[in-house]
Amino acid sequence: MAAVLDSVRAFFAHSVFTIDAENAGDVVARENLLDRAMGPNRRRKSSEKIRRGRVPAEGLALVARDRDSHVIATVRLWNIEAGVNSDGTAINALLLGPLAVDASFEGKGVGSALMRAAMLEAKTRGHGAILLVGDAAYYERFGFCAAKAQHLVMPGPFERSRFLALELVEGWLDGAAGMIVPSGRVLASAPVRKAA
């Protein structure tokens, strides 16, 4: 991941932000940013059901930081099975989300830079496809389209026109059909203390 982040940092060296790997100290800032950007109902979305209780895919939790190292944007990708192929074999893929940018940095290329870094890192790590639920007009610029996700469904309600996919490996989602299910590492829960 260091090589990908170094190349992104070099590209944006004179910018007002840098792209970096998320760290444990970013949790509060990330959650506050998501609350502001996504609103109070963000935890009720179908995508959240897939992410709940899971850890992001290895090396695929990124943030953008301003010059004072404050988190101004976030994106995470999650391991999923994108239905099955015609042989009945589960198709490993990633679910992107959420992507959020602090309102004071919107329109400055932060979201696009974060998306490109995440896509490049996912491809470098050997992933074959990324799916998401989002604004088609925004995500089409990165190569996402609804056609590759047309026979896949999310758990719970979702807008079909906003369910998009990007193949990082050509043909990865050919014949993909069925339900999106989580397949990533389960978040370790804190030990429960018993009263003495």
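Sorted by class, the residues lining the second largest pocket comprise 6 nonpolar, 1 polar and 9 charged ones. Here Ala, Val, Leu, Ile, Met, Phe, Trp, Tyr, Cys and Pro count as nonpolar, Asp, Glu, Lys and Arg as charged, and the others, Gly among them, as polar. This is a predicted model, where local features need pLDDT of at least 70 and side-chain atom pairs count only at pLDDT 80 or more, while totals for chains, interfaces and linings use all residues. Residues are numbered from 1 along each chain as its sequence is written, and side-chain values use heavy atoms, with hydrogens and water left out.

A pocket is an open set of points, on a 1 Å grid over the protein atoms alone, where a 1.4 Å probe fits, with protein on both sides within 12 Å along at least five of seven lines; lining residues have an atom within 4 Å of a point. The second largest pocket has 16 lining residues, and Arg-30, Glu-31, Glu-48, Arg-76 and Trp-78 lie nearest its centre.

Now turn to Asp-102, which is buried (under 20% relative accessible area, 1.4 Å probe, protein chains only), at 16%. The side chain of Asp-102 makes a polar contact with the side chain of Arg-36 at 3.0 Å; such a contact is a pair of N or O atoms within 3.5 Å, where one must be able to donate a hydrogen and the other to accept it. Leaving aside residues up to four places away in sequence, Asp-102 touches Leu-33, Arg-36 and Ile-72, with contact meaning heavy atoms within 4.5 Å. By that count, Met-115 touches Leu-96, Leu-99, Tyr-138, Tyr-139, Phe-142 and Phe-144.

Definitions and conventions. Buried < 20%, exposed > 50% of the residue type's maximum accessible area, 1.4 Å probe, protein only.
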